[in-house]
Amino acid sequence: MASSITPMTYAAIDLGSNALRAMIVRTNNGHIDVVKEIREPLRLGEDVFHQGMISPQKCQQTEEAFIRLLHLFTAYGVVDVKAMATSAMRDARNARQLIESIHHSTGIEIGPIDGRQEAELIFRAVNSELDLKNKKALLMDIGGGSTELSIVIDGKLKASHSFNIGTVRLLRHEEQDELEVRINLTVQKMLRFTQVHFGKKAPDLMIGTGGNLRRIGKLRRKIMNKTSQECMFDEVAHMADALYSMSFVERIRRLDLDQNRADVILPATMLVKSIMKAVGAKKILLPKVGLKEGIVLSMLDNKPRKFIHTAKS
């Protein structure tokens, strides 16, 4: 896709297991201005994690979402688009057919990425926002289908691992006891991974990315009337208890959550709480970047750039 109207306008698409997220950005004096953010709650993982395939209905919804994006990108004069797909599309047996159909309809190519590639892009985005030098940091990205943990030492990505646990996968466990068992089993595997690099010491920094973590930051303001891009362990634990005490409808009404977020926010918060407790992290930083920002950076040069978030999603 090319246009001569605004040659420094780019778009990135993160086709996740819970939602499609896209952003339109413009480079500006070494910074990146976010001019538009889009979210489509497609929830591909609902089909894939139960049936192994994306249903015809969701295939159609996904293709229609990409067609809408194409019109939007044209209106904004986007000159280059990069789309990445994560856990659900990695697992779906009919992913290739959907990718080819979307490319035929829109010209947009979707590249499924593995957990390692996903972790590298997320690290790149976080590294553009935070100073990780002289630190031992644990990066965590919780998606709908998988959770990526990355070890960063002195500003360099040393190791990463993709764990087959995510908020959409966890929705199948309706009882709290089942949910806690499933989370705890995976957290023990995560702890063994982190201890290879940190021993039994807590990391200097714990950093959380992804839509679920950003929503936890917003809920912190809603429930506890506190602002900042960090959250203490006790606050996460308090939010997990508060969310569990509310019904699905109460989460929508009292916390101003849409239906697509009101169900997954509970397992997300429980998972964050369990991981923090296991590694001994007293707080978690919540920068406003994630996979789609990493995709944008991969389209540009290697100069460090800050994202200026002024757009409303």
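**Exercise 1. Find which element gives the most residues to the lining of the largest cavity, and describe that lining.**

Solution. 
Step 1. Helix α8 gives the most, with three residues; helices and strands here are DSSP runs (helices H or I, at least four residues; strands E, at least two), numbered from the N terminus.
Step 2. The elements that give two or more residues to this lining are β6 (136-142), α8 (211-224) and α13 (291-299). A cavity is a set of points on a 1 Å grid over the protein atoms alone where a 1.4 Å probe fits but cannot get out, and lining residues have an atom within 4 Å of a point.
Step 3. The volume of the largest cavity is about 230 Å³, where volume means the space filled by probe spheres set on the points, which are joined across faces, edges and corners.
Step 4. Among the 24 lining residues, Asp14, Arg21, Asp141, Ile142 and Gly143 are the closest to the cavity centre.
Step 5. By class, the lining has three nonpolar, 14 polar and seven charged residues; Asp, Glu, Lys and Arg count as charged, Ala, Val, Leu, Ile, Met, Phe, Trp, Tyr, Cys and Pro as nonpolar, and the others, Gly among them, as polar.

The model is predicted: local features need pLDDT of at least 70, side-chain atom pairs count only at pLDDT 80 or more, and totals for chains, interfaces and linings use all residues. Residues are numbered from 1 along each chain as its sequence is written, and side-chain values use heavy atoms, with hydrogens and water left out.

**Exercise 2. State where aspartate 47 is found and which side chain of opposite charge is nearest.**

Solution. 
Step 1. Aspartate 47 belongs to helix α1 (residues 45-51).
Step 2. Aspartate 47 is buried, buried being under 20% relative accessible area, exposed over 50% and partly exposed in between (1.4 Å probe, protein chains only).
Step 3. A salt bridge needs a side-chain nitrogen of Lys or Arg within 4 Å of a carboxyl oxygen of Asp or Glu; Lys and Arg count as positive, Asp and Glu as negative, and His and the chain ends are not counted.

**Exercise 3. Locate the partners of the salt bridge between aspartate 258 and arginine 39.**

Solution. 
Step 1. The closest N and O atoms of this pair are 3.9 Å apart.
Step 2. Aspartate 258 lies in the loop between α10 (248-255) and α11 (259-262), and arginine 39 in strand β3 (residues 31-40), 219 residues apart.
Step 3. Aspartate 258 counts as partly exposed because its relative accessibility is 40%; arginine 39 is partly exposed at 27%.

Key: 1 Å grid on protein atoms, 1.4 Å probe; cavity = no way out; pocket = protein on both sides within 12 Å on 5 of 7 lines; lining within 4 Å.
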